[in-house]
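Welcome, and please open the sequence and the 3D structure side by side.

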There are 2 protein chains.
Amino acid sequence: MARPTIADIAERAGVSKGAVSFALNGRPGVSEETRHRILAVADEMNWRPHRAARSLGNSRAGAVGLILSRPARTLGLEPFFGQIVSGLQAGLAEDGTALQLLVVEDPEAEMAAYRTWTAEQRVDGFVLLDPLIDDPRFAALEALEVPVMVLGGPLPDTSLSFTWADDSEAMHEAVDYLAALGHRHVVHVAGMPQFLHTKRRMDVLTEAKARHELAEVVSIPTDYSDSEGAVITRRILSRRERPTAIVYDSDVMAVAGLGVALEMGVRVPQDLSILSFDDSLLARLTHPSLTALTRDTQAWATEAARGLLRLIADPTLTVRHQSSTPVLVPRESTAPPAGH
Amino acid sequence: MARPTIADIAERAGVSKGAVSFALNGRPGVSEETRHRILAVADEMNWRPHRAARSLGNSRAGAVGLILSRPARTLGLEPFFGQIVSGLQAGLAEDGTALQLLVVEDPEAEMAAYRTWTAEQRVDGFVLLDPLIDDPRFAALEALEVPVMVLGGPLPDTSLSFTWADDSEAMHEAVDYLAALGHRHVVHVAGMPQFLHTKRRMDVLTEAKARHELAEVVSIPTDYSDSEGAVITRRILSRRERPTAIVYDSDVMAVAGLGVALEMGVRVPQDLSILSFDDSLLARLTHPSLTALTRDTQAWATEAARGLLRLIADPTLTVRHQSSTPVLVPRESTAPPAGH
DNA sequence: AGCTTTTGATAAAGCGGTTAAGTTCGGGCC
DNA sequence: GGCCCGAACTTAACCGCTTTATCAAAAGCT
């Protein structure tokens with residue numbers, strides 16, 4: 001037989017479709033005995049619910065969407081995405097919910113996709129990455145009245161749910177560490193300034209300057225690419241007054257920066273300390289290996305996925321979850337500055 | 001109004017539901033004039049088809065599945081996955097088809113997922129990665145009679161479709177290049193031996209030995225991890241007779257190997273040439289940068305996605321597509337051996 | 001004019017489930 | 001014994017869209 005349906009089961013078990021549905025979904029309305037009989041028949045016929053049919057009935061798509069507007073190429077470059085995706089996936093799988101992925105070229109297409117997927121009931125909710133300052137997506141998604149979980153935050157001015165890690169705290173940790181080593185000239189090669197977490201990190205740095213009586217503290221925004229990381233590093237190291245430490249907002253940039261330092265004969269960590277705000281295999285494979293702020297990105301995403309599922313089950317909820325703060329892992333790329 | 005349905009449109013346009021369906025799907029049965037009127041109304045009401053309802057009717061899920069059985073962590077490590085995913089996604093998007101992703105822990109779970117998703121009509125087809133020698137998945141998927149596109153091949157003993165790149169040819173290119181530089185002792189740090197492409201590469205090496213009168217040629221299988229790459233490299237470089245060149249099956253291993261070489265004071269490329277069979281940002285960021293066999297993984301995946309869509313449209317088809325052969329990109333990690 | 005086609009549209013039957021609204025029936029209670 | 005109630009099922013409507021069968025009217029043909 002081609003796919004058995006509940007009608008087939010009903011016939012074989014000598015009951016009605018309704019009874020079968022009750023039995024299969026574990027709801028009252030059938031005796032334990034009948035339930036067992038039905039389940040046995042269903043199992044024997046190797047029955048599986050038809051997703052579309054089920055969705056039509058209870059208006060649950062059984063999937064959530066992740067829409068990224070980044071040049072597609074960067075997906076392969078940033079280890080971050082892979083971890084997020086597999087983490088989300090792990091959380092959703094607990095519920096049998098699927099993850100639908102879409103990569104688009106620009107923010108307009110991203111917004112359009114939110115609208116389309118919602119209208120088509122293709123997904124039950126969305127995961128949002130990289131919240132921006134005054135993010136236009138928030139209002140749009142609130143208007144769509146669809147469950148959304150933002151990875152990042154905290155987001156004071158929105159009703160959307162989010163799970164966040166304390167970037168400020170992590171940045172403090174990084175700066176405190178460098179200051180304790182004796183560094184007074186620190187440059188921060190930041191990410192894109194419109195990102196909420198970038199801004200947060202930059203703010204901490206400014207504040208830290210006063211606190212630690214640092215001589216120099218600059219944040220330089222970039223597009224996160226390895227090439228900009230390299231260019232900026234070259235520029236920084238070409239100045240008369242070199243900083244003694246550089247903090248990079250991503251490990252890709254940190255590795256690129258390390259390359260530039262080597263190329264220019266700047267010894268790491270003797271002449272220059274390098275600290276990456278992102279940890280991944282990359283940071284461990286280089287020589288010297290990179291001191292980094294590490295966190296369990298995957299677990300974070302899994303937590304977010306669970307939150308989203310709760311949200312879908314009860315849309316009146318607002319989930320605000322703080323995950324663990326990134327932790328500094330000292331490796332070979334940091335040391336006291338020369339002459340300290 | 002909540003979601004408009006075709007019934008709403010029908011009412012507003014003063015026609016029947018059937019007419020609306022015909023008009024919206026561009027099929028005969030309505031006059032051009034009525035069609036336009038209906039389309040205008042649909043547009044005005046901002047109508048979108050309900051995916052589940054449509055799927056129920058025509059039994060198309062509008063999604064394809066990608067199921068990976070790898071420890072979830074590696075997803076974040078291997079740039080390969082990100083590129084595959086975004087490439088597939090790009091190809092599928094042309095058709096409005098979604099990509100559903102599942103990461104499972106073991107091959108059994110993978111097989112189970114194929115069965116479940118097929119039974120649930122959750123997807124219209126699958127993309128398969130990393131074909132194995134005597135891959136048990138092939139028979140299972142053939143039995144399920146579901147469209148499948150394998151990324152890799154060629155696969156002589158199956159009716160499944162595939163798109164492949166000529167790994168043998170690429171390996172030839174690599175070995176020829178090293179031989180031309182004067183290398184006679186070459187070690188191949190391979191991937192998992194059960195992978196079809198690993199075997200193919202190993203075979204080429206054996207054959208090349210005779211052709212180029214190489215003194216030594218060994219393939220050492222690994223699990224693709226950076227740690228095994230490092231361990232194996234350390235072992236190789238500790239031997240009395242060191243090879244003058246190592247070919248790594250992945251850039252992650254190559255970078256790890258490079259690290260070991262540096263740590264042991266083996267200069268690259270003066271004392272040791274390193275060649276990676278995989279190219280990515282990683283290979284370019286290291287110092288020295290890695291000579292690698294490069295290919296457009298993303299385009300490959302996009303091509304595969306298109307093939308799968310054709311296959312779904314016409315299941316009698318078998319698509320066998322060869323994509324471009326990886327090309328050798330010389331960088332800083334290869335040179336003639338010392339004393340040549 | 002009388003007949004067959006073609007065209008443009010409708011009504012209704014699914015697709016495979018869920019679920020609100022009955023229907024039976026056995027048992028407890030007065 | 002009559003009445004009421006809850007448990008166990010059944011019926012049938014419904015979710016939103018597709019598709020087939022049907023039909024009336026217009027068009028084409030001899």
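## A helix pair in chain A

Please keep in mind that this is a predicted model.

On the α2(A) side, the contact is made by A19(A), V20(A), A23(A) and L24(A). From α3(A) come T34(A), R35(A), I38(A), L39(A) and A42(A). By class, seven of the residues in this contact are nonpolar, one is polar and one is charged.

## Around DNA strand C

DNA strand C is surrounded by 27 residues. The closest are G18(A), A53(A) and G57(A) from chain A, along with G18(B) and A19(B) from chain B.

Helices α2 and α4 (51-58) of chain A, together with α2 (17-24) and α4 (51-58) of chain B, each supply at least two residues of this surface. Its make-up is 13 polar, 10 nonpolar and four charged residues.

## The sheet

Next comes an open sheet of 12 strands with mixed pairing. Its order is β11(A)-β5(A)-β4(A)-β3(A)-β1(A)-β2(A)-β2(B)-β1(B)-β3(B)-β4(B)-β5(B)-β11(B). The edges are β11 (320-323) of chain A and β11 (320-323) of chain B; each has a single partner strand, so one side of each is left without a neighbour in the sheet. On average, neighbouring strands are turned by 25 degrees against each other, direction ignored.

Two of the pairings are worth a look. Strands β2(A) and β2(B) run antiparallel and are joined by three bridges, with Q100(B) as the bridge partner of Q100(A). Within chain B, β1 (residues 63-69) and β3 (residues 125-129) run parallel, also with three bridges, and V64(B) stands opposite G125(B). In chain A, helix α14 (residues 297-313) lies across β1, β3, β4, β5 and β11, running at about 165 degrees to β5(A).

## Where chains A and B touch

How many residues does the contact take from each chain? Chain A gives 47 residues and chain B gives 47 residues.

On the chain A side, the elements that give two or more residues are α4, α5 (73-77), α6 (79-93), β2 (98-104), α7 (107-119), α12 (251-263) and α13 (281-285). The largest share, nine residues, comes from α6(A). By class, this side of chain A has 26 nonpolar, 14 polar and seven charged residues.

Terms used: Residues are numbered from 1 along each chain as its sequence is written. Chains are lettered from A and ligands numbered from 1 in the order in which they are written. This is a predicted model: local features need pLDDT of at least 70, side-chain atom pairs count only at pLDDT 80 or more; totals for chains, interfaces and linings use all residues. Two residues are in contact if their C-beta atoms, placed from the backbone, lie within 7 Å. Helices (H or I, at least four residues) and strands (E, at least two) are DSSP runs, numbered from the N terminus. Ala, Val, Leu, Ile, Met, Phe, Trp, Tyr, Cys and Pro count as nonpolar, Asp, Glu, Lys and Arg as charged, and the others, Gly among them, as polar. A residue is near a molecule or strand if its C-beta atom, placed from the backbone, lies within 6 Å of it. Two strands pair if DSSP finds at least two bridges between them. Axes are lines fitted to C-alpha atoms, for helices over the stretch in contact, and angles run from 0 to 180 degrees between N-to-C directions.
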